[in-house]
Each structure stands twice: as structure tokens, then as C-alpha cells.
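Here are a few exercises to work through with the model open beside you. Try each task before you read its solution.

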Amino acid sequence: MNISRYQPKLILFYLSVLCFLFSCGESTERELPASTLQEKKLAVTVFENLTEDSTLANVGQMAAEWIAQGLMQIEDVTVLTPSTVRQLLADQDVDAVHYLATTSAVDYVFEGSYYLDQQELLLKVRLVNSRTGEVEYHLPDFRTPVVDPLHGIQEVTERIMGYWLNRTQIEQRITNPPKYEAYQIFLEGMTYYEVDDSLFRQAMEQVLALDASYFEPHLFLAYSYYYNNYNSYRSAVQARQILQRVEDRQLNLTPYQQAVYNAARAEINNDTDAAYLAFKELFKRYPDDPFVRYNAGTFALFSNHLNDAITILGGVDFEKLDFSLNVDKRNLLFLFDALHQKGDYQRILDLSYKYLSVHRDYFYELVAHINLGNEAAAAKVFNELDAQSDEQLRRPKSYYYNILGQEYLKLDQPNPAKLCLQKSMQFAPKRPGEINYERIFALFYLQAYDKGITELQALAATMTSSDRAIEQGIVLNFLAYFYAAKGNLAQAAVYQRERTQFRQQHFFYLTDAYISMQSDDYAAAVDQLKAAYRAGVVFEDISFGHHVDFLPLHGYPAFDDFVRPKE
């Protein structure tokens, strides 16, 4: 065969290949200088699914989450947490890069897409200057099996971390993504969080059965039990046992996860001060993270750092919150709690009218109107509250009326207090054989002590089985409380002694403080209140300095010093 006739074509072909390879090298292979991103704020957006297969949609979210998690382990990098990006871009039909630049001062965004190529996914990643919108760097393409995309996601993450760290550093810091099936169930399960406890817990346990090394299901499952108020002690024990698995299994946590774990452990162990300090440190580094901000603000409130609470909770962009969601609404309501303690009732009303016109919270509106003396406005809101069912409210009407009755008592207005407490009893659900807290407190503040004692003694007689031991202790505690209010301190002491055979609950300290106060032993009362705080009773609008029971302690130096907001 005479190849000389083909040589010009072959030369042109080889030249074209070389030019192609050279051009590819220009766009994909040059190294990204990490110095370009020093002192810049980064974000990672969910990768775009271009496979036309909706079952692969979660790959994009998983890729964004683990790349961001890798960046968060580099000291010189400031990056938005994945939850921050999700919240900022939720239901936003906008240019994500430009939106992150304008709302969160993000300088660069890692964005990506993925395609289906037979049995593999082809991942494409690029770095975009969010100020100009220009793509400044293309990473090389990554291939990964469709059935298990983790390998490719891990490879992308390590490649990006490698611009700052050497191989040894990466190996020391990198954490493996969870199994893809576990991740999919986790995302689906999170849709039930604070919506359906049973379905949520079932999903999280299924996730952990598939991948016991996955941290986030441990965290949210523990929270799910801890904030189940039906049986606080048993729920707290379950929550602690779940978090203990993290240590027992020696999970490899990122610094962010470790900090969140430390804060959650402090919270669930009722160490309010430690939880506040942990979340405050997290907030310094991740001020945009909604989970971190919410917890930093609430624990500032709970630990009596009132100004911090108002600054943190009030610093959120309320326009971006979805008040149909419990966690977003609570961010505003805890701010109201702090403003209530501060006495800034007009701001409560202004924020209520602006942001809660649809998802109303009648309670804080009424607290504000009552304290401002707006009787006509309060009467109108009371009528609206009466028309609501318990299912439409954050808490039952019986609870609201009970606390509002106490609010009137604090203001020395016995007549409207009596009406509220009577309504609390009217709306309190009938639960024979169970502790009806609203009814008990209503009887107490209506000074119907003998009736309350009779009902409590009858209830105690039904609680003879060992599995109701916690409830027996609670009923005995209430009996001590009622007898102390009657002035029969000797009988109150009898029930205090009987109560000691059952597990101590943190609110028992409040009863003991009340009994000491009734005995004119103010020093002992303050000591008991401090013990209550150490045991997990937090500073809220119905505790310590704002509790109607302890009004006589105001002016006593040790008490005033204890309840004074911390700097």
C-alpha cells in the first residue's frame, strides 16, 4: 500500500487532534490557584440534572452537599453551608449565582451538571465568578456509575480540596458520603420532620439501618425525641441514647458536624450555658446558616443573654422565611419572647402585622396589647382566638388562656385574669386518668386549692403501676405546690418527702423554690431557682423573673442578680 498519498491528510488530522487536545488543556487542565479564592466567600449550588431521569435528581443535591462539606474543612475558606444555600434558593426562580452574590455577598460559586452516558454519569463542574457571571475555571469531567454515584462525588470533592490541601491532609479530613439509598431515604424522611413524628422516626431508623455512620439522622432523630413534650424524661433519655451512638460508633465527623454535635449534646443534657457558647461560636463562622442562627439566638435567650438573642434572632431576613414552617415561625416567636422580656411590645405588634398576617400567632399579639393597655384591640383578638380550633394553633387554646391569665395577674388585673383562667378550664381537653396541666394550673391561679387537691389525690390513686412512676412523682409535686399555696407547709413537706422516691424532674426545683419563698426563706428559694436552671429550666417569658409565682422575690438582691440579663 502506498501511503504517501495519505500523508497530507494524516498530517492535517494529527495537527487537528493536537490543537483539540491543546484547547482542552487550556480550559480543563490548568490548575486553579487557591490564592484566587483567599478571603472570598464561596457557595456550591445543587448540580443540574440533565439526564432526563427524575430518579437521579438527588445526585445533584448530594454532590453540592459533600463538596461544600469538604470546603468547610479548609481553614482559609469561607463557604455557605448547604442548608444556607438550600434556604436561600428554595422556590426562587432566579439566576442562582447572581442571587447568592446579591443576598449573601458570595464571590465565587461552584456549580455543576450531570449527564447520562450509558451506565455512567458524567459530572461537569465549573467555578463561576458571581460578580461577573463568567466561568473562570472548568474542572476535568468525572465519570461515576449510575447505580452508585458516590465515587464520582468523592473524587470531585477531593479534587477541589486538593487546591488547598495535600493528599495526606485530605485523607485526614475527608468524610465519606452516606450510601446513596440511605441519602435518598433521609431526604424523603426530612419532609416529615415536625410534621409526623412516627413517619419521620421510621425513616431515620431505616436510614441508620442502611448506613450507621451517617451523622445527620442521629442528630435530627435525637431532636425529634427530645422535643416530644408528652413525656419529657423518657424522651430526653431516648434522645441521649441516640446521640451516644455517635460516640460509641466513633463516627468520623467534620469540624462543623463535631461542633453541632457538641452543641446538641449540651442542649439535650440540659447544659444551657454550654449550648449557648457552642452555638455562638458556630454562629461566628456560619452566620448565614439558618439552623445555626436559630439555635444561637434561642440559646442566647434561654441562657439570659437577652441582647444577644434580640440581635441574632432579629438579624434574620424575615422576607425569606416561610412562616408556614414551624422552625421559621419559631425564629420570630422567640424574638417576640425576648422582646417581651425587654418590654418592647410595639415592635412585637409591628412584626406581627407585617409578617404574621396570614400565619397568625394570637398569643404574642395579646401579650403585647395587654401590656400596652390596648383593651379594645385585645378584645378583638380574643374573639378571633375563640373562633380557632386547637388544630389551627401552635398550642392549644387552653394553654394560651392559662398563660394569658398569669400575664394579667402579673399586671395586677384579677378580673380579666379570672376570665382567662376560666376559659382555660373550659377549653382544656378531658383526659380521664391523665395529668391535665392546664386545668391544674387554672385551679391553682383561681385559688381553688381544695378542689385541686381533691382532683390530684384522686388522680394519684389511679397511678399505682410502676410504668407510671414519673407521673406519680409529678402529681405528688403538684400536691406539695397546692398545700404550700394554702399555707399548710407541713403537709407540703410531707408530699415533698414522698416525691423523693420518684425521679427528680427539673420543675420540681421550681416548686421547692416556691415553698421556700412561702416560708420566707428567700435565700433557699434563689438557690433552688439556680438549681432549676442547672437542671434545664431556661429563661423564657414564663420562668424566673417573669414568673407570676416569684413576684415577691423582686427586690431581693440575690434574686435580682440572678434574673438580670447577662452581658
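A salt bridge here is a side-chain nitrogen of Lys or Arg within 4 Å of a carboxyl oxygen of Asp or Glu. Keep in mind that this is a predicted model.

**Exercise 1. Which residue forms a salt bridge with Asp450, and where do the two partners lie?**

Step 1. The partner is Lys486, and the closest N and O atoms of the pair are 2.7 Å apart.
Step 2. Now place the two residues: Asp450 sits in helix 22 (residues 449-462), while Lys486 belongs to helix 23 (residues 469-486). They are 36 residues apart, and the pair links distant parts of the chain.
Step 3. Finally, look at accessibility: Lys486 has a relative accessible area of 41%, so this residue is partly exposed.

**Exercise 2. How many salt bridges does the rule give, and which residues are linked with Asp117 in a network?**

Step 1. The count comes to 27 salt bridges.
Step 2. Asp117 is linked with Glu120 and Arg143 in a network of salt bridges.

**Exercise 3. Is Asp512 buried or exposed, and what does this residue touch?**

Step 1. Find Asp512 in helix 25 (residues 508-518).
Step 2. Its relative accessibility is 10%, so Asp512 counts as buried.
Step 3. Leaving aside residues up to four places away in sequence, Asp512 touches Gln496, Arg499 and Gln528.

**Exercise 4. Describe how helix 11 and helix 13 cross, and sort their contact residues by type.**

Step 1. Start with the geometry: the axes of helix 11 (residues 255-268) and helix 13 (residues 290-302) come within 12 Å and cross at roughly 35°. The crossing is left-handed.
Step 2. List the contact residues: helix 11 contributes Tyr256, Val260 and Glu267, and helix 13 brings Phe291, Val292, Asn295 and Phe299.
Step 3. Sorting them gives five nonpolar, one polar and one charged.

Methods
Residues are numbered from 1 along each chain as its sequence is written. This is a predicted model: local features need pLDDT of at least 70, side-chain atom pairs count only at pLDDT 80 or more; totals for chains, interfaces and linings use all residues. Side-chain values use heavy atoms; hydrogens and water are left out. Axes are lines fitted to C-alpha atoms, for helices over the stretch in contact, and angles run from 0 to 180 degrees between N-to-C directions. Helices (H or I, at least four residues) and strands (E, at least two) are DSSP runs, numbered from the N terminus. A crossing is left-handed if the near helix is turned anticlockwise from the far one by less than a right angle, and right-handed if clockwise. Contact means heavy atoms within 4.5 Å. Ala, Val, Leu, Ile, Met, Phe, Trp, Tyr, Cys and Pro count as nonpolar, Asp, Glu, Lys and Arg as charged, and the others, Gly among them, as polar. Buried means under 20% relative accessible area, exposed over 50%, partly exposed in between (1.4 Å probe, protein chains only).
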